Amino acid sequence: MSPDELKEIAQTETEAHDKFEHHLNVCMAAGCLSARADQVKDALEKEVKAKGLEHRCQVKGVGCMGLCAAGPLVQSERDGTLYKEVKAEDAAPLVENLGKKPLKKLQCRTDVPFFQKQEKIVLENSGIIDPERIEDYIRVGGYTALAKVLTEMSPGQVTDEMIKSGLRGRGGAGFPTGLKWSTVAKAQNGQKYVVCNADEGDPGAFMDRSVLESDPHRVLEGLAIAAYAVGAQQGYIYVRAEYPLAVERLNTAIRQARRRGLLGNGICGTTFNFDLEVRLGAGAFVCGEETALLASIEGKRGTPRPRPPYPAEHGLWDSPTLINNVETFANVAPIILRGGAWFAGIGTEKSKGTKVFALAGRIHNTGLIEVPMGTTLREIIFEIGGGIPGGKEFKAVQTGGPSGGCIPAQHLDVAVDYDSLKELGSIMGSGGMIVMDDTSDMVDVARYFMEFCMTESCGKCVPCRVGTAQLHNMLLKIGAGQATRADIALMEELCDLVRNTSLCGLGQTAPNPVLSTLRYFREEYEKHLAEEVV
Amino acid sequence: MTTVSRVKTLKIDGQDLSGREDETILEVAAENGLSIPTLCHLDGLTEVGACRLCLVELKGSPRLLPACTTHVQEGMEISTDSERLRKYRRMILELLFTERNHVCSICVSNGHCELQKLAHSVGMDHVRYPYLYPKQPVDASHERFTIDHNRCILCTRCVRVCDEVEGAHTWDLVGRGLNTRVISDLAQPWGESPSCTSCGKCVNLCPTGALSAKRVAEMNKKPQFLAHLTVMRERKR
């Protein structure tokens, strides 16, 4: 596939697309599907056929439109009208109404902050293209970044562009992506690998899942560009098996890309060879940790090993390996096309670009959003998220999953970036945000996350294996009103041990939910204490 | 490619020392008579860095480093003993003692147990956390040996020696977190294991009473064979 052929496909596709007067895009990502978007799509197709409109109106399955709370969502592309909570029986009036005024009953307003305040880079194609057709991705400019890289840029130029962009790893730790790429590029070894970490496991997080279900080719393109930059010929995507739809769409995308010559040997008519394989995670959270993930790909037990050596030097089968998260790879193509400087112009001083967040918990607009780094928590939760339902008070937002912490109301005006969240005792993490109202008991929140870490600990190192279990016991004891002040001191001491002596990130960050709730909601712990016997 | 190992100079506990760059802090310390507490480490087996007892402080680094897996670097200033490290070591041992049943008085390894000795040496004389006492099985199906999972601390010495030295790979791990357990072959009774050669290496390297020989009241293990084997193999090479 040469750049000219890409252009040709894009043109044919655009023409085919423009032939239709109307386009009804039905969200076919996991959220809307679970609300039976598939039935809606079938009904719409039948209705269009029954009315003899099949040459004027296209019904298309697309990816996530973001407002999962109001699914199934259907969007009329011509005027941008969005319909929410559509049922199969709504198909007739919807088709009837095409080209007329929007149906008031089902219309979802798009002039609200949820849609207006977002800035989409990673999700720019989500909800617009059909994730199961490579041609639709090519229509909106897909794979031109790969073609550009292969025909016009040297690997060094690609890495330079990534460094210039200031992109930091979206998996949670925020390591500078360009630096990682250049480290792997410099490593001396014939065999190198690129790996995409799609083992998203934080409770309440579904960013990577949405990206894979809505725009899988974007991730493949990012991986291929990375492989070219670091000198790898083989890549792996490690996806958890609990994401069957994402796996299916990824496999479809890989098959299509191979058929179109965008994966395999001699990509874009150059000498660059690159192929990809999907590997499934068998349900262990710890396999999101990079060394455990690599062990799992190698077919071994998924347990972390001490770093250094880092995967950039000793990775898969001891070869230098570049490992990035789904969202990181999804940022690559636009950076190449629009330039690192453009990307660096978005966001805050130390955190560039945008970030995808999954809003969950006690919040009106449950769903997926993308905002520039530096947006405040208040804007995210109260404007975009629409605030707390049921007239309840906001209490805290939990970011970063079991490695993160709870941020209380007094810090709502903090501009979200890697460093500001860390200062608050939480972390950016992969982008899960669980909003809690005043009915949440913070001791129980901490206990929940500790239980998660305890059951997900791989069992290799002592502080994490036994420490998390003992911390969980202490939180149970506090919750049951049987603990004393001395127990809290003992718990804080144990948190310090687990944080400083555990082998991998899972253990090192496991105490964070306890420490952050102790920092902001200590009085709740004290309220639970048993009366002390003097 | 020739492999030339450069020599680095560093400070451990105030002493100026030197070590090859492929040596770990633990090895260099041991050569110079400085002992760092360990449980999962054994000379002759690959390092796993799992017990976290050998963590040391590096000047200028907020992170503690496992001495068994950290290679020496020029100018390192290492401290292997401090109030903080002693406290952490005591606490890690406390956690181990609460995890499973480690009642010394009725254990076959009483008096010859590495866990017991370590606890004694770091002054861990009581535990402040509740005993978890999970229900763990005892497998006495092997003709000569017994595995009592209640005494196991998951150091994986048995797993490694069986794989790396004996070459049988009878032992491995199953489950995660507190439910992690050593298994023989595909979790079948040890006595029915087709891969076990009954060599007894695992039994002699087990630091506690988890693996023991039958018909002995007091198990005095002989782990020295591993050092001999390692030396002999290297010489042959």
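What follows is a set of questions and answers on a predicted model.

Student: What makes the fold of chain A agree with a compact globule?

Tutor: The radius of gyration decides it. For 534 residues, a compact globule would come near 24 Å, and chain A has 24 Å, so the value agrees with the rule. Along the principal axes, the C-alpha atoms of chain A fill a box of roughly 85 × 60 × 40 Å.

Student: What makes a residue of chain A count as buried, and what percentage of chain A is buried?

Tutor: A residue is buried if 20 or more other C-beta atoms lie within 10 Å of its own. Of the 534 residues in chain A, 56% are buried.

Student: How do you know how far apart in sequence the contacts in chain A reach?

Tutor: Take the contacts between residues at least 6 apart in sequence; 74% of these join residues at least 24 apart. The secondary structure of chain A amounts to 23 helices and 14 strands.

Student: How do you know which residues of chain A touch chain B?

Tutor: Two residues are in contact if their C-beta atoms lie within 7 Å. By that test, 23 residues of chain A are in contact with 26 residues of chain B. On the chain A side, α19 (442-456), α20 (462-479) and α21 (485-501) each supply at least two residues. α20(A) gives the most, with 8 residues. By class, this side of chain A has 12 nonpolar, 8 polar and 3 charged residues.

Student: Why are β6 and β10 of chain B called edge strands?

Tutor: The open sheet in chain B has 3 strands in the order β6-β7-β10, with antiparallel pairing. β6 (138-139) and β10 (211-213) each have a single partner strand, so one side of each is left without a neighbour in the sheet.

Student: How do you know that β7 and β10 of chain B pair?

Tutor: A pair needs at least two bridges between the strands. In chain B, 3 bridges join β7 (residues 145-148) to β10, and the two run antiparallel. Because the cut-off is at least two bridges, the 3 bridges between β7(B) and β10(B) make them a pair. Within this pairing, Phe145(B) stands opposite Ala213(B) in β10(B).

Student: What are the domains of chain B, and how many residues make the contact between them?

Tutor: The domain assignment gives domain 1 (7-81) and domain 2 (87-236). The contact takes 14 residues from domain 1 of chain B and 19 residues from domain 2 of chain B. On the domain 1 side there are 10 nonpolar, 2 polar and 2 charged residues. Taken over C-alpha atoms, the centres of the two domains of chain B are 25 Å apart.

How values were computed. Residues numbered from 1 in each chain as written. Chains lettered and ligands numbered in written order. Predicted model: local features only at pLDDT ≥ 70, side-chain atom pairs only at ≥ 80, totals over all residues. Helix = DSSP H or I, 4+ residues; strand = E, 2+ residues; numbered from the N terminus. Domains from an automatic or database assignment. Nonpolar A, V, L, I, M, F, W, Y, C, P; charged D, E, K, R; others polar. Rg over C-alpha atoms; globule rule 2.2 N^0.38 Å. Buried ≥ 20, exposed ≤ 12 C-beta atoms within 10 Å, placed from the backbone.
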